[in-house]
Structure formats: structure tokens, C-alpha cells
Amino acid sequence: MKKRRVFILAVMLICLALAATGTLAYFNADKQVHNVITSGNIAIDLIEQKQLEDGSLVPYTDPVDVMPGTDVSKIVTVQNNGVGDAWIRVCVDSAVTFKTTTGAAPQESDIALDFDTENWILKDGYYYYTKPVTANGVTTPLFTTVSFSPKMGNIYQGSKLDIVIQAQGVQVANNGSTVLEAAGWPSSNS
């Protein structure tokens, strides 16, 4: 009888162990996702072209032997090569180097650039383009012509005019509602 009780007890323990093992089963699933978030960028190109007599545009080349009373075609635009819209600003500096040192200074009216004041605003030495430039978009020309006054005197003979142009761009997204409100401009012309 004792053996029988031990046997029944053993069978019960085995049944309990099997029942307990069956209750430890879990439903599960596993899934992994790999996400990549890439930030945008701002990339611009300064484009200088000239218009030929037939109206076609070609890359700008420095003219030589310019005479007083002459207009030189120089078309300056900025292209947005980035992935997002960009605000654009341009700094233009010009200087005349005379062939001989006469102590004379160039007159402001002797050399003129025909700046577009409808689409560009001059502020703090920069011309700001008033509209956002979309990805792969191009600004309207900042200027198209450099004019030399017919009243230029002999001090200009053999002189050289340097026009230095630098363009900068910043993002439009979350950066002001106008170009003049935009932040993040480079702090210097480097």
C-alpha cells in the first residue's frame, strides 16, 4: 500500500510538473526596423555669364582694352544646388588699380553696375534676394552690365578694374519669413 501511495504521489508530481511546464509557454514575436534620417543641405553656385551679340549666354571672360563709353555684359546669378529652399545674399566689391600712381581716385560715376533693385535689397553691404530660391532654382540677375562713363579721363589708361563677388546662402525652413529675418549667415567673407 505504501508503494502504491508513493507510486500515485510520483504520478501526481509528474502530472503537476507537466502541467506547470505547459503553463510557462508564451506567445512572442520579434521585428526590427532600421531607420535612416538624412539631413538636408545648402549648396550654391555663383554664375557669371555674358551675353553675346546674338543674344546667347556664355561663361564670362575678362574683357581687355575697354574704352570709355563702353558697356560690358556681365550677368551675375546664384543657383541653389541644395535639396531645400535657400535665402541668398551677395557681396560685391570693386576696386580700380591704376597703371601709374598719380594720386588720383576713381570717380564713383565713372564705373557703374546696373543693380536690380526690384528683386534685390541692399542692406549692410549685402544684396539680399527677396524670394526663396528653390532647389535647382536660380535667382534673377543681380546685375547684367558694367558701364564705363564716356567722361573717364586719361588716368584710366591701362588701369584694371577688379569686381569681387561672394554669394552666401542659408536655409529657408524654420528661418524667418523674409530674407532679412533669416539667421545663420556666415559671419565674415571668408
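Let's start with some rings: Phe-115, Tyr-127 and Phe-143 come together as one aromatic cluster. Keep in mind as you look around that this is a predicted model. Aromatic pairs turn up six times in the structure. In one of them, the ring centres of Trp-120 and Tyr-129 are 4.9 Å apart and the planes meet at 55 degrees, so this pair counts as tilted. Both Trp-120 and Tyr-129 are buried.

Lys-74 lies over the face of Tyr-60, 3.8 Å from the ring centre. Arg-89 does something along those lines with Tyr-126: its charged end sits over the ring, 3.7 Å from the centre.

Now for the strands. Five of them make an open sheet with antiparallel pairing, and the order is E2-E1-E3-E8-E5. At the edges you'll find strand E2 (57-59) and strand E5 (111-113); each has a single partner strand, so one side of each has no neighbour in the sheet. On average, neighbouring strands of this sheet are turned by 30 degrees against each other, ignoring direction. Zoom in on E3 (residues 71-80) and E8 (residues 143-148), and you'll see an antiparallel pair joined by four bridges. Val-72, for instance, has Val-146 in E8 as its bridge partner.

One last stop: Asn-175, in the segment after strand E9 (160-171). Is Asn-175 buried or exposed? Its relative accessibility is 10%, so Asn-175 counts as buried. Leaving aside residues up to four places away in sequence, Asn-175 touches Trp-87, Val-170, Ala-182 and Ala-183.

Methods
Residues numbered from 1 in each chain as written. Predicted model: local features only at pLDDT ≥ 70, side-chain atom pairs only at ≥ 80, totals over all residues. Heavy atoms only, no water. Helix = DSSP H or I, 4+ residues; strand = E, 2+ residues; numbered from the N terminus. Buried < 20%, exposed > 50% of the residue type's maximum accessible area, 1.4 Å probe, protein only. Contact = heavy atoms within 4.5 Å. Pairing = 2+ DSSP bridges. Axes fitted to C-alpha atoms, helices over the stretch in contact; angles between N-to-C directions. Phe/Tyr/Trp six-rings, centres within 6.5 Å; stacked < 30°, edge-to-face > 60°. Lys NZ or Arg CZ within 6 Å of the ring centre and 35° of its normal.
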